[in-house]
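Colleague: I am new to this one. Please show it to me, and then we can go through it.

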Amino acid sequence: SITSQTALKAVIDLKLTYAMSPLWDESIQKAARDNNQVLVPGVFSPTEINNASKFGYKIVKLFPASLVGKNYIKLLQRTINSLPFCIASGGLQVEDVKPWIDSGYGAIILGKGLVKRKEIPQGIKNWIRINCKNTK
């Protein structure tokens, strides 16, 4: 999670294809753009989504998604004509994947909701096996 210029520099030095932030910080976004680094911004409000869109972003990370609920995207679609591709992140569990995708989110980040489990659910293992090359 990129929240500072120092963290952004580390990502750039590592030559990562992309990184994500939990927040909208225009100065960090400008630095990422100046360094040709893809940095998906974290947004929460319609204003932040609009700022990210005006900045040129076609993808945003809605964070923390669990706080606003899966139907938030439908409310946003009523007020923002051209909503970017929305990734839901923050507080979501494996069980949330299908309902949130069905609600209109383009992707879901599970993070701790997946990592803290003692075992990865078989459905997720099957999806990884089918959709990810070189995964056993």
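Modeller: A term first: contact means heavy atoms within 4.5 Å. Helices (H or I, at least four residues) and strands (E, at least two) are DSSP runs, numbered from the N terminus. This is a predicted model, where local features need pLDDT of at least 70, side-chain atom pairs count only at pLDDT 80 or more, and totals for chains, interfaces and linings use all residues. Residues are numbered from 1 along each chain as its sequence is written, and side-chain values use heavy atoms, with hydrogens and water left out.

Colleague: Which elements do the buried residues of α2 pack against?

Modeller: Buried means under 20% relative accessible area (1.4 Å probe, protein chains only). In α2, residues 26-34, that applies to Ile28, Gln29, Ala31 and Ala32. They lie on the same side of α2, because they cover an arc of only 160° around the axis, taken from the directions from the helix axis to the C-beta atoms. The elements they pack against are α1 (5-14), β2 (38-40) and α3 (46-55).

Colleague: Which residue just after α2 takes a positive phi?

Modeller: The phi there is about 55°. The residue, just after α2, is Asn36.

Colleague: Is Leu110 buried or exposed?

Modeller: Leu110 sits in the loop between β6 (107-109) and α7 (112-115). Its relative accessible area is 15%, so Leu110 is buried.

Colleague: Which residues is Leu110 in contact with, leaving aside its neighbours within four places in sequence?

Modeller: The C-alpha atoms of Leu110 and Val94 are separated by 6.7 Å, with the two residues 16 apart along the chain. With those sequence neighbours left aside, the contacts of Leu110 are Leu92, Gln93, Val94 and Val97.

Notes
Buried < 20%, exposed > 50% of the residue type's maximum accessible area, 1.4 Å probe, protein only.
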